Amino acid sequence: MMAGIRIFGTAMALVGGLAGVVGNPEQVRAETLTIGAAPSLKPALERIVPMFEKEYGATVHVVYGPSQTLRRQIEQGAHIDVFLPASVEDVEKLHQQGLTLNGGPRVYAQTSLVLVMSASSPALAVSFHDVLRDRGVRLAVGDPKASALGAITARTLAKLDSAYHDRFRLLRAQHSDEVVNLVQTGKADVGIVYRVDAINSGQVRIIDEAPGGTHTPVQFGEAVVWTCRKASLAVAEEFLDFVMSPRIRKLLVQYGFDAVPTNG
């Protein structure tokens, strides 16, 4: 009987010791974090999020969707703590409305627009200018009313040819994955996506870069937004700093993003 009591007491002491470790806020955090992110970030976040959870003890849930759609949901009060759109402009629009909690947007990665065709297509590569001259081309693009990709693509094409709406057989998609699918399945001849998405898809090949002077680099921004819960605010700010850290920015380059110049 006494031996049983001693074993029980030892077990309780061990449990108590573990409880003391778990209860240490410097080692384990109980907060949960909801992130609204562009689909372009999914491959990288699938690596980054587990790293953050392990180091900070937080539980992270990521909701993926077109940037403009996520921004409108945040404006309407959607339960999102951190916003990671595919364009810093969507963060700036929230900031201008007073809907960000960490000051102005910060840029941690960037990419560019590229013209792609199916990786299995036997057709010869064409350029942006070749596409502009061929009225029969079926061109897959993002929907400017739904996605940052669509809005940026529309501005770029307008600089190349203000009448592009009438020249192409445009197939509009919600985001890059849908553009890639239209091209890969042969429903579109070519498509315009972010370079990072083309690199990570494996289903398309890059055949041209957007001509210089038609667009600025596509910058990815981040912000803690007004719908962030008070209990999650501290860990949300830690996540932003984590993404801005040199090691994570180097990791993003490994996933196809371009490095942001040190001068921002």
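**Exercise 1. Contacts along the chain**

What share of the contacts in the protein with a separation of 6 or more do residues 24 or more positions apart account for?

*Solution.* The model is a predicted one. Take the contacts with a separation of 6 or more. Residues 24 or more positions apart account for 78% of them.

**Exercise 2. Overall make-up**

State how many helices and strands the protein has, and what percentage of its residues count as buried.

*Solution.* Start with the elements: there are 11 helices and 10 strands. Then turn to burial. The protein has 264 residues, and 46% of these count as buried.

**Exercise 3. Helices α3 and α4**

Describe how helix α3 packs with helix α4.

*Solution.* Two packed helices are described by the angle between their axes and the distance between the axes.

Step 1. Locate the pair: α3 spans residues 67–75 and α4 spans residues 88–96.

Step 2. Read the geometry. The angle is about 15°, and the axes lie 10 Å apart.

Step 3. Classify the angle. Angles under 35 degrees count as roughly parallel, so α3 and α4 are roughly parallel to each other.

Step 4. Name the residues in contact. From α3 come Ser67, Gln68, Arg71, Ile74 and Glu75. From α4 come Asp90, Lys93 and Leu94.

Step 5. Sort them by class. The contact of α3 with α4 has four charged, two polar and two nonpolar residues.

**Exercise 4. The nonpolar cores**

Which residues touch the most other members of the largest nonpolar core?

*Solution.* Step 1. The largest nonpolar core has 68 residues.

Step 1. Leu33, Ile35, Leu45, Leu84, Tyr194 and Phe239 touch the most other members.

Step 2. Follow Leu33. Residues up to four places away in sequence are not counted. Among the residues Leu33 touches are Phe52, Val60, Val82, Val235, Ala236 and Phe239.

Step 3. A second, separate core has nine residues, including Phe83, Val91, Leu94 and Ala223.

Conventions
Residues are numbered from 1 along each chain as its sequence is written. This is a predicted model: local features need pLDDT of at least 70, side-chain atom pairs count only at pLDDT 80 or more; totals for chains, interfaces and linings use all residues. Side-chain values use heavy atoms; hydrogens and water are left out. Axes are lines fitted to C-alpha atoms, for helices over the stretch in contact, and angles run from 0 to 180 degrees between N-to-C directions. Helices (H or I, at least four residues) and strands (E, at least two) are DSSP runs, numbered from the N terminus. Angles under 35 degrees count as roughly parallel, over 145 as roughly antiparallel, 65 to 115 as roughly perpendicular and the rest as oblique. Contact means heavy atoms within 4.5 Å. Ala, Val, Leu, Ile, Met, Phe, Trp, Tyr, Cys and Pro count as nonpolar, Asp, Glu, Lys and Arg as charged, and the others, Gly among them, as polar. A nonpolar core is a set of buried Ala, Val, Leu, Ile, Met, Phe, Trp, Tyr and Cys residues joined through side-chain atoms within 4.5 Å. Buried means under 20% relative accessible area, exposed over 50%, partly exposed in between (1.4 Å probe, protein chains only).
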